[in-house]
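Hello,

Here is the structure I promised to pass on to you. Please have a look at it first, and then read my notes below.

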Amino acid sequence: MGRLTQRRRIVRYSVDGGPRVREETMAAEEPLEIRMGGRVFSVTMRTPGDDFDLVAGFLVSEGIIAGADDLPSLRFCAGEDEDGRQTFNVVEAQLGPGAIIPDPSLDRHVYTSSSCGICGTASIDAVSKTSRFSLDPESGSLAVHTLLGLSDTLREHQVLFGKTGGVHAAGLFDTDGNLLCLREDVGRHNAVDKVVGWALREGKLPLGETILQVSGRASFELVQKAYLAGIPVLSAVSAPSSLAVDLADQAGLTLAAFARGSSVNIYTHPDRIDTAPAPTQQQDAHEASSGPRQQEAGRTQ
């Protein structure tokens with residue numbers, strides 16, 4: 001497998017200390033070629049690791065597969081670097097009978113960058129897809145204090161980010177706030193694909209009682225990926241785009257953003273979020289309101 005990180009000698013400059021040579025750890029970024037039936041379908045830039053999850057999730061987000069039976073096998077193809085070492089940068093996906101074979105004219109013949117999940121789509125008509133899973137309005141309901149804790153939990157488990165400071169993360173949680181799966185990658189859409197691909201390979205799609213927490217902003221493609229995986233709630237640390245909000249509203253998906261600390265903005269379908277105070281907050285509020293009355297009652301006895 002390719003390395004998750006690489007070391008490089010750099011010059012660090014500070015006003016107080018001047019220039020200083022040091023070694024820096026960086027997140028690795030390499031191309032991954034995705035093939036189906038021996039034909040190149042796409043090439044995406046990613047951080048090596050969890051590549052089968054990445055391919056599986058990518059095919060879900062393309063509307064090609066929706067369950068483990070649609071993807072009987074994945075394998076690395078032969079590929080060597082200039083030193084003759086196996087690169088593990090080419091994956092062949094074998095599709096099952098339930099898969100929707102894409103039109104060859106829509107194959108991605110350009111690189112998909114690690115910063116954008118839809119830049120390489122050959123036709124704009126292929127961007128908007130219909131999910132095979134409908135989002136139940138009753139699924140994915142959770143308490144707002146649980147929602148507020150997801151970003152902190154995500155950050156606590158971002159091992160690669162802790163080493164490099166240069167990767168995005170996506171975490172899949174249950175409605176009680178338990179972390180089910182976390183993936184990191186230089187591309188935020190890759191991180192989500194790796195999470196969705198893990199769920200598909202574990203036979204867990206659709207993900208009706210889960211929340212997807214992402215470390216960056218909520219873009220159109222991330223809402224689409226959540227929708228296609230049957231995830232009813234997407235929460236982001238940063239801002240959403242207008243198109244992401246429009247798609248979430250139309251899809252019946254709850255979109256939350258700026259989820260940090262003690263506040264969160266809920267942009268669509270807020271009914272899934274129970275905004276009642278947490279039990280400790282309720283208790284503190286009760287004690288604060290009842291304390292003076294109890295003291296007054298004590299003085300009159």
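Averaged over the protein, the pLDDT (the predictor's confidence in each residue, from 0 to 100) is 86, and 81% of the residues score at least 70. Over residues 119-127 the pLDDT falls below 50, though this stretch has 14 contacts in the model beyond near neighbours in sequence; contact means heavy atoms within 4.5 Å. Residues 292-301 also stay under 50, and there the model has zero contacts beyond four places in sequence. Where pLDDT is low, the predicted coordinates should not be read in detail.

Two notes on the basis of all this. This is a predicted model, in which local features need pLDDT of at least 70 and side-chain atom pairs count only at pLDDT 80 or more, while totals for chains, interfaces and linings use all residues. Residues are numbered from 1 along each chain as its sequence is written, and side-chain values use heavy atoms, leaving out hydrogens and water.

Now the overall picture. The protein has seven helices and 15 strands, taken as DSSP runs numbered from the N terminus (helices H or I, at least four residues; strands E, at least two). Of its 301 residues, 50% are buried, where buried means under 20% relative accessible area with a 1.4 Å probe, protein chains only.

What lies inside? The largest nonpolar core has 53 residues, of which Leu59, Leu212 and Leu255 touch the most other members. Such a core is a set of buried Ala, Val, Leu, Ile, Met, Phe, Trp, Tyr and Cys residues joined through side-chain atoms within 4.5 Å. A second, separate core of 12 residues includes Leu142, Phe173, Val233 and Ile273.

Next, a helix pair. The axes of H5 (residues 220-228) and H6 (residues 242-251) come within 8 Å and cross at roughly 20°; axes are lines fitted to C-alpha atoms over the stretch in contact, with angles from 0 to 180 degrees between N-to-C directions. That makes the two helices roughly parallel, a label for angles under 35 degrees. Phe220, Val223, Gln224 and Tyr227 of H5 meet Leu243, Ala244, Leu247, Ala248 and Ala251 of H6.

Finally, do look at glutamate 184, in strand E10 (residues 179-185). Is glutamate 184 buried or exposed? Glutamate 184 is buried, because its relative accessible area is 13%. Its contacts beyond four places in sequence include His157, Phe161, His168 and Lys194. Histidine 168 is 16 residues away in sequence, yet 5.6 Å away in space, C-alpha to C-alpha.

Best wishes

Definitions and conventions. Parallel < 35°, antiparallel > 145°, perpendicular 65-115°, else oblique.
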